[in-house]
Amino acid sequence: MPKPVYTNLTDRQLLDLLQQGNEAALAEIYGRYWSKLYLQAYNVLRDRQIAEDIVQEVIVQLWIKRSVNEIASLNAWLYTCVKYQVFKALPLARAKINAM
């Protein structure tokens, strides 16, 4: 049985599927947003590992909270989450840079 293709779905449609527990919708969101979110985090932190960890954590939180989140805009929600995680990670990133 072929896997469903979600590349043509809107973010709203993906969120609706995600709330139903659809893992393929999460995979599409991940593929659609990972590099953009990573670059947002990396451009501030200049640390690949921390930036990757932040994006991974945001995606995991999206999955964990899928049934309770009322997300009006997936794009805005993801970027806002990454922004706050970056602010939280700044002291760690600075400490790593100063230790070099």
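A salt bridge is a side-chain nitrogen of Lys or Arg sitting within 4 Å of a carboxyl oxygen of Asp or Glu. In this predicted model, local features need pLDDT of at least 70 and side-chain atom pairs count only at pLDDT 80 or more, while totals for chains, interfaces and linings use all residues. Residues are numbered from 1 along each chain as its sequence is written, and side-chain values use heavy atoms, with hydrogens and water left out.

Searching the whole structure turns up three salt bridges. In one of them, Asp11 pairs up with Arg32, with the closest N and O atoms 2.8 Å apart. This pair ties together distant parts of the chain, since Asp11 belongs to helix H1 (residues 11-19) and Arg32 to helix H2, 21 residues apart; helices here are DSSP runs (H or I, at least four residues), numbered from the N terminus. Arg32 also bridges to Glu28, at 3.2 Å between the closest N and O atoms, and these two sit four residues apart in H2, about one turn of the helix. Put together, Asp11, Glu28 and Arg32 make a network of salt bridges. Glu28 is buried, at 16% relative accessible area (buried means under 20%, exposed over 50%, partly exposed in between, with a 1.4 Å probe and protein chains only).
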